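Okay, thanks for coming, everyone.

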Amino acid sequence: MNPIFQYWYFHLPNFVLAAVMYTLLGRLLLSLFVPPDWKNYIWRAFVRITEPAVRATRFVTPQALPQVIVLVFAILWVMLLRIALFAVLGSLGLLPSVNG
C-alpha cells in the first residue's frame, strides 16, 4: 500500500497546515507591497484562504496590534500546530516510519 494513503491521518492535516502556513507567509510578504483592499485576484485568493487563521489569531491577540503583526503570529500559531501534530502522533507511535 502507498505510504501516503496508509498514513493519511498524518499527511492530510500536515499538508493542509503547511499550505495555510506558506499562504500566510505569502500574504505577509505581499502585504508589504500592496494595499489591503487591492482587487487583484491573487491577493483576494491569499486573503480568502488565510482569513480563518487570521481571524482566529485576531481573537486571541490584542486589538491594538497592526495586521502585519497578526499575520506573523498566525504563521507562528500554524507552525506550532504542525509541531503539535507531529509530537502527538509521535507519542502515540503513529508517525510514518522511514523503513516502511
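I'll start with how to read the model, then do the rings, then the pocket.

This is a predicted model, where local features need pLDDT of at least 70, side-chain atom pairs count only at pLDDT 80 or more, and totals for chains, interfaces and linings use all residues. Residues are numbered from 1 along each chain as its sequence is written, and side-chain values use heavy atoms, with hydrogens and water left out.

So, rings. Searching the whole structure turns up 3 aromatic pairs; rings of Phe, Tyr and Trp (its six-membered ring) pair if their centres lie within 6.5 Å, and planes under 30 degrees apart are stacked, over 60 edge-to-face, the rest tilted. One of them is Tyr7 with Tyr9, edge-to-face at 6.1 Å between centres and 70° between planes. Trp8 and Tyr9 are also edge-to-face, at 6.1 Å and 80°. Ring pairs tie Tyr7, Trp8 and Tyr9 into a cluster.

Are these buried or exposed? Tyr7 is buried, at 14% relative accessible area, Tyr9 is partly exposed at 25%, and Trp8 is exposed at 53%. The cut-offs are under 20% for buried, over 50% for exposed, and partly exposed in between, with a 1.4 Å probe and protein chains only.

Now the pocket. Its lining includes Arg27, Trp38, Trp43, Arg44 and Gln67. By class, the lining of this largest pocket splits into 8 nonpolar, 2 polar and 2 charged residues; Ala, Val, Leu, Ile, Met, Phe, Trp, Tyr, Cys and Pro count as nonpolar, Asp, Glu, Lys and Arg as charged, the others, Gly among them, as polar. A pocket here is an open set of points on a 1 Å grid over the protein atoms alone, where a 1.4 Å probe fits, with protein on both sides within 12 Å along at least five of seven lines; lining residues have an atom within 4 Å of a point.
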